[in-house]
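Thanks for coming. Please have the sequence and the 3D view open while I talk.

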Amino acid sequence: MSEIQYSVEVKDVEKHFKVYMDKGSTLKERAIFHNRNRHENRQILDGISFEIPKGQAVGLIGRNGCGKSTTLKLLTKILKPNSGTVKVEGRVSSLIELGAGFHPDMSGRENIYINATIFGLKKEEIDERLEEIIRFSELEEYIDNPVRTYSSGMYMRLAFAVAINVNADVLLIDEILAVGDVSFQKKCFERLKEIKEQGTTIVIVSHSMEQLYSICDRLIWLEEGKIKEDGSPKLIGMHYLDSMEDERIARLAEESKEKLSDERGRSILELTQNVHPEARRDGSHEVRFTKVDLYDKDGNPCQTFSTGDKVVLKFSYATALKGIAVNFNMDFVRDNWQYCYGSCFAKPGDNLPVLEKEGTVTFTIEKLMLLPGKYYLDIGINGEHGELYDNVRNIMQITVRDYVHNEFGPCTFEHDWEIV
Ligand SMILES: Nc1ncnc2c1ncn2[C@@H]1O[C@H](COP(=O)(O)OP(=O)(O)OP(=O)(O)O)[C@@H](O)[C@H]1O
């Protein structure tokens with residue numbers, strides 16, 4: 001069996017930065033704090049290790065400030081680790097800081113030579129590739145103007161055109177595809193795929209999951225200085241997006257605590273943990289909800305699902321009117337207020353359930369047919385003559401995960417396309 005060849009080997013890497021405290025901005029503060037030299041040592045990477053086999057495309061993901069760019073800079077050797085080792089095999093080309101290595105007073109053409117030399121090309125090699133680099137950048141008209149006259153998009157075109165034309169063994173890219181117009185972005189992306197086909201190892205930082213899914217063989221998720229997960233793009237991407245979504249929902253729940261501070265509001269907050277700030281409650285409350293929750297197929301509380309998932313809605317009720325007959329209902333409304341689905345326990349003509357003093361109702365959706373998007377959940381309890389006992393609109397939001405799909409609108413149907 002042949003041994004795996006690694007292009008990148010990162011072992012037990014730690015990186016911290018000294019962050020200095022502000023001396024103040026007013027004259028008084030500066031006078032008072034002139035001796036202030038306090039700093040904290042901020043640990044950004046806390047002993048990370050990973051290896052990248054030759055030819056693999058790896059995406060680094062994680063929240064802002066988690067150390068993705070720092071990791072790339074360690075791979076380019078712009079930064080050194082405080083401890084641990086970083087090994088990168090072969091010629092490295094990078095697009096990390098826009099226009100880094102460009103000299104503002106020199107022309108685009110001269111900068112191509114300077115930049116490509118930094119990436120290790122000889123003059124003759126650059127001569128050979130010059131036309132291709134200029135053509136790719138689409139800057140023919142401007143190539144002899146000083147780059148200080150370039151827009152940021154033009155800078156990026158030039159930088160990208162050089163970086164991908166130096167026959168690198170390892171290409172490091174930081175969020176660079178976010179710059180430039182859409183058609184150029186598309187072109188860069190197609191070129192990246194070609195480079196990958198040719199066997200170049202790629203490490204890319206991007207917040208665009210779509211880009212990462214289409215180019216990467218693997219994602220590494222950085223969190224709090226550690227590798228939280230490392231594996232197949234779809235799986236790691238889903239876990240990462242779910243965790244971001246959980247945080248968003250928790251932030252909304254915090255907002256709800258402030259926004260729903262009147263008595264009705266507080267009565268909603270008691271029902272469930274992640275109440276949405278838009279929640280509203282009406283009704284006489286002769287029969288009332290006491291608890292509401294959503295669960296996934298394994299019985300775990302959950303608000304993020306995929307189309308086709310099992311969803312379980314459970315709520316508890318209480319009433320002083322033992323023996324009363326009621327109907328329960330639930331609705332999903334999309335976040336653009338499009339009504340999507342509603343269901344009630346009994347249809348007209350059915351006998352309504354007669355309640356105990358308290359109890360629990362479970363509504364099970366075997367296959368959620370909503371397409372990706374955000375949906376509000378409404379729940380209600382009505383009497384047999386239409387009395388409104390309890391009604392909570394927008395009590396919580398559910399997210400149906402986004403994935404690459406070919407269906408649009410709020411819901412899916414079982415379907416087939418056939419061409420004869
Ligand atoms: N030279 C430096 N000196 C001090 N702190 C730094 C330095 N470079 C980065 N940092 C800090 O290190 C942390 C990680 O930065 P880094 O740019 O690696 O994050 P990132 O994951 O790429 O974030 P983003 O998604 O916002 O681009 C940030 O808190 C940043 O402020």
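The shell around the ligand divides into four nonpolar residues, six polar and one charged. In this count, Ala, Val, Leu, Ile, Met, Phe, Trp, Tyr, Cys and Pro are nonpolar, Asp, Glu, Lys and Arg are charged, and the others, Gly among them, are polar. The model is predicted, so local features need a pLDDT of at least 70 and side-chain atom pairs count only at pLDDT 80 or more, while totals for chains, interfaces and linings use all residues. Residues are numbered from 1 along each chain as its sequence is written.

Which residues are around the ligand? They are Phe 17, Val 19, Ile 44, Gly 62, Asn 64, Gly 65, Cys 66, Gly 67, Lys 68, Ser 69 and Thr 70. Strand S1 (6–20) and helix H2 (68–76) are the elements that give two or more residues to this shell. H2 gives the most, with three residues. A residue is near a molecule or strand here if its C-beta atom, placed from the backbone, lies within 6 Å of it. Helices (H or I, at least four residues) and strands (E, at least two) are DSSP runs, numbered from the N terminus.

Where pLDDT is low, the predicted coordinates should not be read in detail. For the complex, the predictor gives an ipTM of 0.96 and a pTM of 0.84.

Now the sheet that holds S1. Three strands form an open sheet in the order S2-S1-S4, and the pairing is antiparallel. Strand S2 (39–53) and strand S4 (83–88) are at the edges with a single partner strand each, so one side of each is left without a neighbour in the sheet. Direction ignored, neighbouring strands of this sheet are turned by 25° against each other on average. Two strands count as paired if DSSP finds at least two bridges between them. S1 and S4 have five bridges, in the antiparallel sense. Lys 11 stands opposite Thr 85 in S4. H2 packs on the sheet and touches S1, S2 and S4, and its direction makes about 120° with that of S1. Contact means that the C-beta atoms of two residues, placed from the backbone, lie within 7 Å. Axes are lines fitted to C-alpha atoms, for helices over the stretch in contact, and angles run from 0 to 180 degrees between N-to-C directions.

Next, the domains. The domain assignment gives domain 1 (54–241) and domain 2 (263–400). Such bounds come from an automatic or database domain assignment. The C-alpha centres of domain 1 and domain 2 lie 49 Å apart.

Some strand pairs now, starting with S8. Strand S3 (residues 57–61) runs parallel to strand S8 (residues 218–223), and four bridges join them. The bridge partner of Ile 61 in S8 is Trp 221. S8 also pairs with strand S9 (residues 226–231), in the antiparallel sense and over five bridges. Glu 223 stands opposite Lys 226 in S9. What do S8 and S9 form? They form a hairpin with two residues between them, and Glu 224 in the turn has a positive phi of about 50°.

Another open sheet has three strands in the order S11-S13-S16, with antiparallel pairing. Strand S11 (287–295) and strand S16 (358–365) stand at its edges, each with a single partner strand, so one side of each has no neighbour in the sheet. Here neighbouring strands are turned by 20° against each other on average, direction ignored. S11 runs antiparallel to strand S13 (residues 311–319), with eight bridges joining them. Lys 291 has Ser 316 in S13 as its bridge partner.

Last, S14. Strand S14 (residues 326–334) pairs with strand S17 (residues 373–383) over nine bridges, in the antiparallel sense. Met 330 stands opposite Ile 379 in S17. S14 also pairs with strand S15 (residues 339–344), antiparallel, over five bridges. In S15, Tyr 339 is the bridge partner of Val 333, and Gly 342 is that of Asp 331. S14 and S15 form a hairpin with four residues between them, and Trp 337 in the turn has a positive phi of about 70°.
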